[in-house]
Amino acid sequence: MIYFFQQALNAVQLGSVYALIALGYTMVYGVLSMINFAHGDFFMVGAFLCFVGAAVWHLPFVPVLLLSMGGVTMLGVATERIAYRPLRNAPKVSAIITSLGVGIFLEHVTLGLNPYPKYIPPLLPSFSFDLGGVSVSTFQLATIGVSFALMFALHLIVNKTKAGLALRAISADRAMVPLMGVPVDKMIALTFALGSGLGGAAGVMYGMAYPVIDPYIGIIVGWKAFVSAVIGGIGSIRGAVLGAYILGTVEIMTAAFLPSTYRDLVTFSLLFALLIYQPSGLLGRVEIQKV
Amino acid sequence: MTPLLEVGGLTVNYGAIAAVRSVSFEVRSGEMVVLLGANGAGKTSILKALSGLIPSGGTARFDGADLAGVPAHERVARGIAQVPEGRRIFYNLSVKENLLLGGWVQASKAALKQDLDRVLALFPRLSERLAQAGGTLSGGEQQMLAVGRALMSRPKLLVLDEPSMGLSPKLVDAIFAMLAEFHKEGMTLLVVEQNAAMALTLATRAYVLEAGAIVLSGPAAELRDNPLVRRAYLGA
Ligand SMILES: Nc1ncnc2c1ncn2[C@@H]1O[C@H](COP(=O)(O)OP(=O)(O)OP(=O)(O)O)[C@@H](O)[C@H]1O
Ligand SMILES: [Mg+2]
C-alpha cells in the first residue's frame, strides 16, 4: 500500500510537468485552432535555460525558474510574431508544417551550442520528508507546489481578468472579436506568452527530476503533453490538466506494476480507446458549426 | 456640415469575385440610413469593410478622420459599433460577459458600470439572465444582447446588419420600434435590411444596392413611392 502511495506521488509529479506543457498546446489551439508542434521544443529550451542558470550562473531555484519562464516566454512571443502571424490566414497545414520546422530549428540550434548532454546540478537542498511511510523529496514538493500555483494563476487570468474574457471570446468566435474593440493580435501574443511561460517552468521541473538533458527531450515529452491535451479535449484548459494527470498516473502505474517497456504501449492504447468513444476528448466540446 | 461617415468608391473583392463595385454613400449625424438589397447584393460586405474586418478599396472618412489603415478594433474606439449579421453572440460567455466585452474600449470601470446599467434598463429581459450562457438565449434575446453589446462602446455610429432576420413579426416590430427610439434620441444609425417596408418607414434616407453597386438613392419617403422599389422590395 505504501508502495502504491509512493507511486501516486510520483504520478502527481509527472502529471504536473505534463500539465504545464499541455496547457500551452491547448491554449494556442483554443485561440488559433492551430497545433504548435514547436511547443515541446520551447519546453526543451526551458530545461537548457535551467541548466544555464543553475550550472553556469549558479543561481538559486527561484531566479532559475524566472529565467526559464521569462526566456521561453520571449521565445514563444517572438516565434508567433515572426513565424506564425504571417501564416494566420494561410491553410492550416502551412502553419503546422512551420511549427514542426521551428521545433527542428530550435533542436539544432541547441545541439550546435551543446553537442553533449548536460547535467543540471540540484537546485534545492536535497532531502526527504517522511509522510506516513511515503517519502516526499524537496524536488517533488517544489514541482507540485509551483505547478499548482501557476495553474491557479492561469485560472485567475483566464476567468477573472478583462484579457481572459477576450481570450475566451476568441476561442468561441475569433472573427467577431475585433468588433468588440479588442486588439486580437495582442491577445494572441498574450496566449503564446502564457503558454510558453508555463512550458519554461515545466523545463525546470523536468530538469529537477531528470537532470541529464539533451536537445531532443522536447520531442517525446512534448508528444506526451500533447496527448494529455487531446485526452482532456484540446482547447479546454481544465481538460488539459485532467488529461495530464491521467496520463501521468497511467505511465507511472504501468511502470510500477508491469514491465516498464509496456509503458508507452499502454499509454497510446488508452489514447486510441478513448478517442474512439469520445472523439473530442473528455472535456472537449463538439465543434460548433459557425454561422 | 461634413457627414459623420463618408464612403467613396468602396470596392470589395473575394478572389476573382467583385462583391462591391465602387460604392459611395454618406451618413450624416443624427440620420438613420438604410441599405436595401437582395441576397448577395453586397450589403454585409460593405459593413464588414466599414468595420475593417475585410480588406477593401476606396476611401472612407469617419468623424473627420481617414479610416485607411485603421485596424478593426481601433474603429470601435473611434465610435463605429456593429451588430453583425446572425448576431454572433459569444455562446460560451455569460450575458454579462458578452456585454462587458462590448464595453472593452471604455477607459474607466465607472463608465463601464454606468453603461451596463443603462443597457440593462433598456433590456430588462437580459438583466434576468445575466449569468446565463449567451448560446442558450432565444433568437430574440440574442438580438437584444447583440444590440446591447454594441451600445456598450458608446458608439457615434451604430451599424446593424439585418437586425430583423429570423425573428417573429412581433419581435421585428419591437426591434424596429427600438431603432426608431434610438433615432429619435439623436443616435446615428446605418441599417442593412431586407424588410424594406418597415425600414423605409423609419429611415431618413436609403440606398438600394444591386449586384454590388448602388442603383437608387434618396430620402426614404421618396423611395417608398418609387415604382422600381415597390416592385422589387415592397411586393407591390
Ligand atoms: N468570404 C467570402 N468568400 C467569397 N465570396 C464571398 C464571401 N463573402 C461573401 N461573398 C460573396 O459576395 C457577394 C456579396 O455577399 P454579401 O454577404 O455581402 O451579401 P449580402 O447582401 O449581405 O447578402 P444577404 O442578404 O444574403 O446577407 C455574394 O455573391 C457572396 O457569395
Ligand atoms: Mg448579408
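Predicted model: local features only at pLDDT ≥ 70, side-chain atom pairs only at ≥ 80, totals over all residues.

**Entry 1: around ligand 1**

I began with the shell around ligand 1 and found that H1(B) gives the largest share of it, 3 residues.

Next I listed the neighbours. There are 13 residues around ligand 1, and those that come nearest are B:Asn39, B:Lys43, B:Thr44, B:Ser45 and B:Glu85.

Then I checked polar side-chain atoms against the oxygen atoms of ligand 1. For B:Ser45, an N or O atom of the side chain is 2.5 Å from one. For B:Lys43 the distance is 2.7 Å, and for B:Glu162 I noted 3.1 Å. I also looked up how covered the ligand is: ligand 1 taken alone exposes 630 Å², of which the protein buries 62%.

**Entry 2: the magnesium ion**

Which protein atoms are donors to the magnesium ion (ligand 2)? I found OG1 of B:Thr44 and OE of B:Glu85, at 1.9 to 2.4 Å from the ion. B:Thr44 sits in helix H1 (residues 43-51) of chain B, while B:Glu85 sits in the loop between strand E6 (80-83) and helix H3 (95-102), so this pair ties together parts 41 residues apart in sequence.

Are these two buried or exposed? B:Thr44 counts as buried because its relative accessibility is 18%, under the 20% cut-off. B:Glu85 has a relative accessible area of 31%, so I wrote it down as partly exposed.

**Entry 3: a look at B:Asp115**

I moved on to B:Asp115, which belongs to helix H4 (residues 109-122) of chain B. With a relative accessible area of 2%, B:Asp115 is buried. What does its side chain make a polar contact with? The partner is the side chain of B:Arg154, at 2.9 Å. Leaving out residues up to four places away in sequence, B:Asp115 touches B:Gln106, B:Leu151, B:Met152 and B:Arg154.

**Entry 4: chain B as a whole**

I counted 10 helices and 10 strands in chain B. Its C-alpha atoms fill a box of roughly 45 × 40 × 40 Å along the principal axes.

I compared the radius of gyration with the globule rule: a compact globule of 236 residues would come out near 18 Å, and chain B has 17 Å, so the two agree. Of those 236 residues, 51% count as buried.

For contacts between residues at least 6 apart in sequence, 67% join residues at least 24 apart. The chain exposes about 10,000 Å², with carbon and sulfur atoms supplying 54% of that area.

Note on methods:
Residues numbered from 1 in each chain as written. Chains lettered and ligands numbered in written order. Heavy atoms only, no water. Donors = N, O, S within 2.8 Å, 3.2 Å for Na, K, Ca; no water. Helix = DSSP H or I, 4+ residues; strand = E, 2+ residues; numbered from the N terminus. Buried < 20%, exposed > 50% of the residue type's maximum accessible area, 1.4 Å probe, protein only. Polar contact = N/O pair within 3.5 Å; in protein donor to acceptor, adjacent residues only side chain to side chain. Contact = heavy atoms within 4.5 Å. Rg over C-alpha atoms; globule rule 2.2 N^0.38 Å. Areas by Shrake-Rupley, 256 points an atom, 1.4 Å probe, with all protein chains shown as cover. Near = heavy atom within 4 Å.
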